[in-house]
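Open the model in your viewer and follow the stops below. Each one says what to select and what is there.

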Amino acid sequence: MATIEECRAALEQLSDNMQDAEGDVRAAAALDRSVSCHITDLDVTFAGRLQDGRIKVRETLQGPPREKAELRLALAGGDLVALVDGELHFAKAWASGRVKLEAGLRDLFRLRKLL
């Protein structure tokens, strides 16, 4: 089980990875959308914005997201850390229900390049 600090660090690393990406991945990360990442086992939500190829966390909230973000991610803290470290493949985790990603259809098509 990951800590809140480890989850926040994983989101920072994901943000760094997206900003350093090139080509189609860089274009997919160029969205300007509200974002929430609910860490289910800690019952904590990181809320912020995907902007300029970076995830900018603006607040950390207890419980599930209070507002419906345009891009919503829900997963256990350990899974977030494993995804960012490359130890867990997103498609397999999503297919098995370990990771939930919700967004508009157009955004999902763009985000698939990131995942």
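Start by selecting Val 99. Setting aside neighbours within four places in sequence, Val 99 is in contact with Leu 73, Ala 74, Leu 75, Leu 83, Phe 90, Ala 93 and Trp 94. Keep in mind that this is a predicted model.

Together with Val 99, they touch the most other members of the largest nonpolar core, which has 28 residues. Which elements give two or more residues to this core? Colour them to see: α1 (4–20), β1 (33–39), β2 (44–51), β3 (54–62), β4 (71–75), α3 (77–85), α4 (90–95) and β5 (99–102).

Now switch to a cartoon of the whole protein chain. Five helices and five strands make up its secondary structure. Trace them from the N terminus: the order is α-α-β-β-β-β-α-α-β-α. The radius of gyration is 13 Å, close to the 13 Å that the globule rule gives for 115 residues, so the chain is as compact as a globular protein of that length. Its C-alpha atoms fill a box of roughly 35 × 30 × 25 Å along the principal axes.

Turn to contacts along the chain. Of those with a separation of 6 or more, 58% are between residues 24 or more positions apart.

Finish with the surface. How much of the chain is buried? Of its 115 residues, 42% count as buried. The accessible surface comes to about 6,700 Å², and carbon and sulfur atoms hold 50% of that. Last, select the charges: 17 are positive and 19 negative, and their mean positions lie 7 Å apart.

Key. Residues are numbered from 1 along each chain as its sequence is written. This is a predicted model: local features need pLDDT of at least 70, side-chain atom pairs count only at pLDDT 80 or more; totals for chains, interfaces and linings use all residues. Side-chain values use heavy atoms; hydrogens and water are left out. A nonpolar core is a set of buried Ala, Val, Leu, Ile, Met, Phe, Trp, Tyr and Cys residues joined through side-chain atoms within 4.5 Å. Buried means under 20% relative accessible area, exposed over 50%, partly exposed in between (1.4 Å probe, protein chains only). Helices (H or I, at least four residues) and strands (E, at least two) are DSSP runs, numbered from the N terminus. Contact means heavy atoms within 4.5 Å. The radius of gyration is taken over C-alpha atoms; the globule rule is 2.2 Å times the number of residues to the power 0.38. Accessible areas come from the Shrake-Rupley method with a 1.4 Å probe; for residues, only the protein chains shown count as cover. Lys and Arg count as positive and Asp and Glu as negative; His and the chain ends are not counted. The place of a charge is taken as NZ of Lys, CZ of Arg, CG of Asp or CD of Glu.
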